[in-house]
Amino acid sequence: TDVSARDLEQRIRILEEKLETSKKGGVTASTNGRSLTFNGDDFSFQVGGRLQLDAAAYDAEQDGNEFGNGTRVRRLFLDVRGSVYEHWNYRFQYDFARPGGSDTSARGIRDAWIQYTGFSPAITVGQFKEPFGLEHLASSLHTTFIERGLTNAFTPDRRIGIGLSDNGQHWTYAVGAFGETAEGDVASEGNEGWDITGRVTYTPVNGDGKVVHLGLAGRQHTPEDSTNSLRFRERPESNVTDVRLIDTSTLNDVEDIQFLGLEAAAVFGPLSLQGERVDTQVSRDSGADDLDLSAWYAYASLFLTGESRPYKNGVFDRIKPKSTVGKGGIGAWEVALRYSEADLTDGSVIGGEEENLTLGVNWYATQNIRFAANYIKVLELDRPGSQYDDEKLDSVVLRAQIDF
Amino acid sequence: TDVSARDLEQRIRILEEKLETSKKGGVTASTNGRSLTFNGDDFSFQVGGRLQLDAAAYDAEQDGNEFGNGTRVRRLFLDVRGSVYEHWNYRFQYDFARPGGSDTSARGIRDAWIQYTGFSPAITVGQFKEPFGLEHLASSLHTTFIERGLTNAFTPDRRIGIGLSDNGQHWTYAVGAFGETAEGDVASEGNEGWDITGRVTYTPVNGDGKVVHLGLAGRQHTPEDSTNSLRFRERPESNVTDVRLIDTSTLNDVEDIQFLGLEAAAVFGPLSLQGERVDTQVSRDSGADDLDLSAWYAYASLFLTGESRPYKNGVFDRIKPKSTVGKGGIGAWEVALRYSEADLTDGSVIGGEEENLTLGVNWYATQNIRFAANYIKVLELDRPGSQYDDEKLDSVVLRAQIDF
Amino acid sequence: TDVSARDLEQRIRILEEKLETSKKGGVTASTNGRSLTFNGDDFSFQVGGRLQLDAAAYDAEQDGNEFGNGTRVRRLFLDVRGSVYEHWNYRFQYDFARPGGSDTSARGIRDAWIQYTGFSPAITVGQFKEPFGLEHLASSLHTTFIERGLTNAFTPDRRIGIGLSDNGQHWTYAVGAFGETAEGDVASEGNEGWDITGRVTYTPVNGDGKVVHLGLAGRQHTPEDSTNSLRFRERPESNVTDVRLIDTSTLNDVEDIQFLGLEAAAVFGPLSLQGERVDTQVSRDSGADDLDLSAWYAYASLFLTGESRPYKNGVFDRIKPKSTVGKGGIGAWEVALRYSEADLTDGSVIGGEEENLTLGVNWYATQNIRFAANYIKVLELDRPGSQYDDEKLDSVVLRAQIDF
């Protein structure tokens, strides 16, 4: 047995060495069913993406108004993110389906930033979402309805800038200074526009399936030199069509704009409520009218299968179905109803007033595959002088979505 | 020796734990020499791509006809695909080299779909190839010649839709309803065009190196509202030039179009034969002529190094050389000859009649690296009134290709 | 103890089998803190990218000259490369931030090539940088200043072609024949332009922190048929603006152009010197003047933290800080000063003469995260007849950069 023991020890030593060698790369891979993550000693790296496919049918009330039944790839993202050593994060996200414009390539750039978390607050540099709006800040993967409500007419979207952010169990804040978007102002040589934007949220109740959220955000926008212009407009909560029922057209002589956003939301188990209001004050010179524009929405959502909308750091997050299709389950089922209103008319600017009612059904087959159907009824459209005045459009929109 | 045994057992226990820990990620990676695949317990994820580089020289017979000698990146794909739980698949493919148009970003979107295989047939939603045409459905990586034959003038390409498909050892079928392509109809607001397309194949002989394939496909196309127009045209089996020798120009007042496709192919060891015919019936209103257009090709291919063209589920697949360059081998060598004909002339529409002869040589250095040379002779070009009438063009095209 | 030994042997056998199984994929992953590499038995595969974010403020001396303060995503690369069997390499690199043009999609294609290293020299086919210019050939990640010097007006950039290259400890050479860039000449049907380009370098001293480099390069360019035109112009060492202070406008009737480049560089520990000169001879027909144009720069760089600029195979390479932010260090700090001059005026062509002085500070927080600030002073701008004549612009440019 002495011989045998020496023999065994030899085999164990070889195993130990092999195991050490196989770990030398210092990288382990894991997946959460969506994307793939690699973790090295000092680094992590994650590759993912998202695909949203839409089909829509429109029923116009007035002859001559065409909205274009059809299909569309709504979003097709590639998404790379990672961390470097202890305190550095980065993210790069590109949308291959982002429609045209003067510089289509750069238009597809979405998140593109570097973050340092060695201090509190964290510092972020690059292109990222301005901290404004509860629905705007939720990922398009997790919005309750297929498209955001009419407050989206005032959404700042992502811009290149620098920001500070921090959060606790019951609060978050974020503030930043921003220039234009990645595709903005490459060739025209006036100065870019810029923004100062900030948001605070307070969550007195923040438990599992029990949330009360309050939010307040402000944004000061100074437009770019070269055009000195701006435009607010919005599609009828469906992006297969390119028609905007409300549209201020180009606003000239804009000096600056203030945006004020108010948010409230609550979750009681499978039921949740959410509402938001944005007020916009446009100051103009050269004798043009100042404008007061506004929009708001409110909605209720109910999970028939008992899930709760998850909330994290001031925004709503990914739904995890209690059972999964493909693993013997039926997924999660949600119904929701939203009222949404925007008023883009003030003084001599007749952008229009729109009131929408949207009924939505979501089927979360797995935590990363969702099918949605929305019926959108325009209750009221008051835009005198436009071909769309009084157009009480009915729309049915379908979406298939996966993120990976 | 008792002490020694306890000691050894201790070391074995540590090894067992370490091995368990190192497997915790639940992901293993593998590569087939082309792309990289990760398999987790419930998920797989694969990243790949393809690169095709072309150079071409043209010899026009008539003065004043210029075809543009030069180089081109023909295709540059990024390709992500995967599966989620037991029955869900997805794929996203983007072509960075896809040339311009009104919306260049979305034009690059190729495959972009979600598939559920829990039923038989499988259900696919998204953008994918309409099931029509043996050469069209083969990957551009595996076509015998650098470009597809003149039947390609009638190729439906990929469109956004929903499809059903199934297959057995001796048959396949696929059927689908489709809207437009991803870049189609974003801004113009008539309804999109749509298609119903179906294909069945029968393979009485389907063995290793021995295949007899028969196929039949039909497609009904209704054009979009806004333009109500269509155009058939085709380059001379070489895409470095932008000249189309045959071109119907825009066809107005099109009501609908029926396409009928017939396919036959056979493999006998290193020799294979393949042929296809497409008949197209354009119905027009407002007094415009109805049109009968058609195209066909036939070719033979021979592997000098003894490989056979592999066939799988109704299409031809990747060649695996018997020996590999870089592992002491010489790769696979193939010669092939194709006759190809298209007739785009009927009634008042003089799109032209073209007959081509193409001689091709393929060198498959490895299973994912191919070099090809094609000589294309236009035997006949009958298009009265066009500058290209009677242009018996000679072309030499070279391609280098890798997929990863 | 006999039983115990048999027992232990059993456990060892299971471990050995498990370890074998876990390695069956044949792939191991590793990261260098930037990108991720997978190595299989016959294959490697690497995914990475780069992000460069710029902000700039301009102070024009003359009223009416606007340069456009603002922000920009300067580069956003996705980068895939790998090897197949023993002798095949490939690389595919796309820049999502590359600004517009007639075919924006293809414009983003950067490296896209296949290489065979089974012979000496190595053979490369595809799109890659023409071998010309020390600063041009360095990755944009590793240039000492935010933008390259004014010699960049004559940079050939990447083109589609075939090249041979080889190197030893004290020398390198590279030679190639090239057509146009990937986005060049898709639609216009004259022949493409083409280049023959070659470069040799000699490094009599090539040690750690001690380098003497000499280089000589030549390029013969024949322009494309269709436009028969060319243009030399350059931004003021800052790419947030689109204004070019010097610009020959389109040069017609160009027959061919010869470029001659001379390079010298030296490293002595933390100090390095580098200089380059390009002479350009434009031969024109139809009675248009022949032109002699030129540009040169010289700079010095000093690492305050003691690092040395690394040199490899005829170009400068990535800085590795001696200490790293996020691992208790302060990173690497470098100061540098460059003088740069271009003369685009000859005969009747008044492209302008520019002299710049640039002061740069680089902070390499980690080996893949860099922050840079440049102050650029236009010392002289002599371009009679242009609105920019005598415009002694001051610019401040900031950059944040990560590569992954």
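Modeller: The discussion below takes strand pairing, then salt bridges, then the surface. Please bear in mind that this is a predicted model.

Colleague: Let us begin with the strands. How many bridges join strand 3 of chain A to strand 4 of chain A?

Modeller: Pairing is read from the bridges between two strands, at least two being needed. Strand 3 (residues 43-59) of chain A and strand 4 of chain A run antiparallel and are joined by 14 bridges. Within this pair, A:Gln46 lies opposite A:Arg81 of strand 4 of chain A. Strand 4 of chain A is also joined to strand 5 (residues 88-95) of chain A, by eight bridges and again in the antiparallel sense; here A:Asp79 stands opposite A:Gln93.

Colleague: Which residue takes a positive phi in the hairpin of strand 4 of chain A and strand 5 of chain A?

Modeller: That residue is A:Tyr85, with a phi near 50 degrees, and the hairpin has three residues between its strands. Another hairpin is formed by strand 19 of chain A and strand 20 of chain A, with two residues between them. In its turn, A:Gly347 has a positive phi of about 55 degrees.

Colleague: Now the salt bridges. What is the count over all chains?

Modeller: A side-chain nitrogen of Lys or Arg must lie within 4 Å of a carboxyl oxygen of Asp or Glu. By this rule there are 60 salt bridges over all chains. One of them joins A:Arg74 and A:Glu147, at 2.7 Å from N to O. The pair links distant parts of the chain, 73 residues apart: A:Arg74 is in strand 4 (residues 70-84) of chain A, and A:Glu147 is in the loop between helix 3 (134-137) and strand 8 (158-167) of chain A.

Colleague: Are A:Arg74 and A:Glu147 buried or exposed?

Modeller: Both A:Arg74 and A:Glu147 are buried. As for the strand that holds A:Arg74, 14 of the 15 residues of strand 4 of chain A are buried.

Colleague: Which salt bridge does B:Arg399 form in chain B?

Modeller: B:Arg399 meets B:Glu147, with 3.2 Å between the closest N and O atoms. This pair spans 252 residues, from strand 22 (residues 394-403) of chain B to the loop between helix 3 (134-137) and strand 8 of chain B. B:Arg399 counts as buried because its relative accessibility is 3%, and B:Glu147, at 7%, counts as buried too. In chain A, salt bridges with shared partners join A:Asp54, A:Arg74, A:Glu147 and A:Arg399 into one network.

Colleague: Finally, where is A:Glu380 found, and why is it classed as partly exposed?

Modeller: A:Glu380 belongs to strand 21 (residues 369-382) of chain A. The class "partly exposed" lies between under 20% for buried and over 50% for exposed. A:Glu380 is partly exposed because its relative accessible area is 32%. A negative surface patch is made up of A:Glu380 together with A:Asp59, A:Glu61, A:Asp382 and A:Asp390. By contrast, B:Ala112, in strand 6 (residues 109-116) of chain B, is buried, with a relative accessible area of 0%.

Notes: Residues are numbered from 1 along each chain as its sequence is written. Chains are lettered from A and ligands numbered from 1 in the order in which they are written. This is a predicted model: local features need pLDDT of at least 70, side-chain atom pairs count only at pLDDT 80 or more; totals for chains, interfaces and linings use all residues. Side-chain values use heavy atoms; hydrogens and water are left out. Helices (H or I, at least four residues) and strands (E, at least two) are DSSP runs, numbered from the N terminus. Patches are made of residues with over 30% relative accessible area and no salt bridge: like charges are joined within 9 Å, nonpolar side chains (Val, Leu, Ile, Met, Phe, Trp, Tyr) within 5 Å. Accessible areas come from the Shrake-Rupley method with a 1.4 Å probe; for residues, only the protein chains shown count as cover. Lys and Arg count as positive and Asp and Glu as negative; His and the chain ends are not counted. The place of a charge is taken as NZ of Lys, CZ of Arg, CG of Asp or CD of Glu. Buried means under 20% relative accessible area, exposed over 50%, partly exposed in between (1.4 Å probe, protein chains only).
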